[in-house]
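Please look over the structure shown here before reading the notes that follow.

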Amino acid sequence: MRSRKARAMLVVPLLGALSLAACSPSGTTNDDEVASLDQDWSAAEPITIDVFDVPANYQGIQGGWFGKIVKDKFNMELNILAPNVAGGGDTLYNTRVAGGELGDLVIVGKGKQVDELVQGGLLLDAAPYYEAMENAPAYDPAVQKLNEGKDGIYAFPTGVSTLKPTEPSEGVDPTYGAYLRWDYYAEAGYPEIGTMEDLLPVLKEMQDAHPKADNGKPTYGISLFKDWDGSMMVLAAHPPALYGYAHTGFAEAKADGSDYRSVLDSDSGYVRALRFYYEANQMGLVDPESTTQNYDTLFTKYQNGQVLLSWWPWLGQSAYNTEQNMAEGKGFEPVPLQDQKILSAGAEVYGSGLVFGIGSKAEDPARIAAFIDWLYSPEGVEANSSDNAGAGPEGLTWENGPDGPVLTDFGQEAILEGGGVDVPAKWGGGTYKDGGSALNVSGVLHNDVDPRTGHPYNHKFWPSYQETATNPLTEDWSEHMGDAPTTMDYLQSNDMLLVAPGASFTTPTDSSEIETLRNQVKATIVEHSWKMAFAKDGAEFDALLAEMQETANGLGYEKVLEVDLANARLLHDARVAVTNEFG
């Protein structure tokens, strides 16, 4: 399964199709009293429920160790319906909504999506069940905020946290950074890198010294892909985060609210990234297959050591930093830029952009409500680990020792070696990776503290893990980073991190006019961006930039930008408000 950060970019905005379905009042339990969830669900009749799951990258019956846990606890199987697998886009959503039934359990985007489903009667009012829950009410502020303006409880938050919104939500590594092949960087003498552009001569030296990977294929400083392009070229949209900027539509805003600009401004971070790729290509650093390959092909190249720079830890490090490579001192580690101020997403006290809901036509809503509640329990949080942030089920991958939680021998092999190890039959069999939760979203942020252990759910924070996870690669990195134990520690102690408080902000829905203009504009931006990255010379790059700006403006870009700038300021206001409320 793809990592959580990859997942965030794969979630496709779904368009409402409720006009195709008969409008009816929102689903209810037909019972104003508190519904009981306190029963032995394992003894109930077996059921299979349909789970409409926007972020899922797998479709079919959940199997493996997570499937067995759910089966043993609830006598229930999960049939995952995944838009990402069923052709992407809105087709599956529209078809099922038109039929009047999205799923028994639904995982969709909050805001417009939830509002439409409530208005169309496709979500159940779970208020009576909420009153009986044991775990979800611990996050009541998020539940109430999510259901503001509604006459019941129709949605439950995901990624919710009890941490302050000004605390980073990522683990020991931020989402963004200049992650280089540290072993090659060391060979080059650990040169100081002043700015993003100063990466290029360093990459050139590294590539020249290692023109071929171990598989005999060419090595490139940079390799790109198009799969995730939407409003703009994704791989040009992310480098501005090195300087604290993020995008709200076509508005490029610094996380502290100090600067707002257009992505098409000649001095924007987005255009700066395009120029960076152009200059890299002129130096022979860019993989010529960048315009045609997909993400999976790119990931394989990282696994094979054919790419030297990664903007994300979940790409370079996940692909190449195997135990064997790290034991040999090889792998990706972050190299600081002297002028960087890396963007970090703050913990979401009101939850992230996805929600859980119960379908109004679910045959056993009480059992689904009990399952949702379990997802917020310590056991559920660890078990529902679809990436390496959570430690998996206690007793299989970890145990709580006298000095705190520790990975078992099996856990070290399963979590640290890519998940290919076979799971014991009593836990469901199959490989550990394939048997993990296909829901691809967590109820609780893994940085939150597990009350059973007093330590975060994320095993990378455990003292036992940090003591045993050292290797020649990480030791050399730490030595040259002032003995910092983690990337986050280094960035925070050197004032190189800018946390955007977790405001759980939902961008207002575009009017039909703005939506039409936006769709026209984004196509030309993506097209021109790729042409600029591969321009033959500086004159062509500048001409393409001017053409992109002129064409976009002619298609109504400025009207869309006005909306996006207003939304970016609303986002900042929400960040200020949540910081004032929660500290």
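## Briefing on the predicted model

Ile-193 is found in the loop that runs between helix H7 (182-187) and helix H8 (199-209). The model is a predicted one, and every value below should be read with that in mind. The points are grouped by topic, starting with the surroundings of this residue.

**Surroundings of Ile-193**

- With a relative accessible area of 1%, Ile-193 is buried, since residues under 20% are placed in that class.
- Leaving aside residues up to four places away in sequence, Ile-193 touches Leu-180, Tyr-185, Asp-198, Leu-199, Val-202, Val-335, Pro-336, Leu-337 and Gln-338.
- Asp-450 lies 257 residues from Ile-193 along the chain, and the C-alpha atoms of these two residues are separated by 39 Å.

**Overall fold and surface**

- The protein chain contains 22 helices and 18 strands. Its radius of gyration is 24 Å, close to the 25 Å that the globule rule gives for 583 residues, so the chain is as compact as a globular protein of that length.
- Taken along the principal axes, the box filled by the C-alpha atoms of the protein chain is roughly 70 × 60 × 45 Å.
- Of the 583 residues in the protein chain, 56% are buried.
- Among contacts in the protein chain with a separation of 6 or more, 76% are accounted for by residues 24 or more positions apart.
- The protein chain has an accessible surface of about 23000 Å², and carbon and sulfur atoms contribute 48% of that surface.

**Charges and the salt-bridge count**

- The protein chain carries 38 positive and 85 negative side chains, and the centres of these two sets lie 5 Å apart.
- Searching the whole structure gives 22 salt bridges.
- Asp-214, Glu-328 and Lys-330 are joined in a network of salt bridges.

**Salt bridges between parts separated in sequence**

- Lys-73 and Glu-379 form a salt bridge through their side chains, with an N to O distance of 3.3 Å. Because Lys-73 belongs to helix H2 (residues 64-74) and Glu-379 to helix H15 (residues 378-383), this pair ties together parts that are 306 residues apart in sequence.
- Lys-73 is partly exposed, at a relative accessible area of 31%, and Glu-379 is likewise partly exposed, at 38%.
- Arg-452 is paired with Glu-394 in a salt bridge whose closest N and O atoms are 3.4 Å apart. Arg-452 sits in the loop between strand S16 (449-450) and strand S17 (455-456), while Glu-394 sits in the loop between H15 and strand S14 (398-401), so the pair ties together parts that are 58 residues apart in sequence.
- The relative accessible area of Arg-452 is 32%, which makes this residue partly exposed, and Glu-394, with a value of 40%, is partly exposed as well.

**A salt bridge within one helix**

- Lys-531 and Glu-527 form a salt bridge in which the closest N and O atoms are 3.1 Å apart.
- How far apart are Lys-531 and Glu-527 in helix H20, and what does this amount to in helical turns? The two residues are four residues apart in helix H20 (residues 512-533), which means that about one helical turn separates them.
- Lys-531 counts as partly exposed at 40% relative accessibility, and Glu-527 counts as partly exposed at 41%.

How values were computed. Residues are numbered from 1 along each chain as its sequence is written. This is a predicted model: local features need pLDDT of at least 70, side-chain atom pairs count only at pLDDT 80 or more; totals for chains, interfaces and linings use all residues. Side-chain values use heavy atoms; hydrogens and water are left out. A salt bridge is a side-chain nitrogen of Lys or Arg within 4 Å of a carboxyl oxygen of Asp or Glu. Buried means under 20% relative accessible area, exposed over 50%, partly exposed in between (1.4 Å probe, protein chains only). The radius of gyration is taken over C-alpha atoms; the globule rule is 2.2 Å times the number of residues to the power 0.38. Contact means heavy atoms within 4.5 Å. Accessible areas come from the Shrake-Rupley method with a 1.4 Å probe; for residues, only the protein chains shown count as cover. Lys and Arg count as positive and Asp and Glu as negative; His and the chain ends are not counted. The place of a charge is taken as NZ of Lys, CZ of Arg, CG of Asp or CD of Glu.
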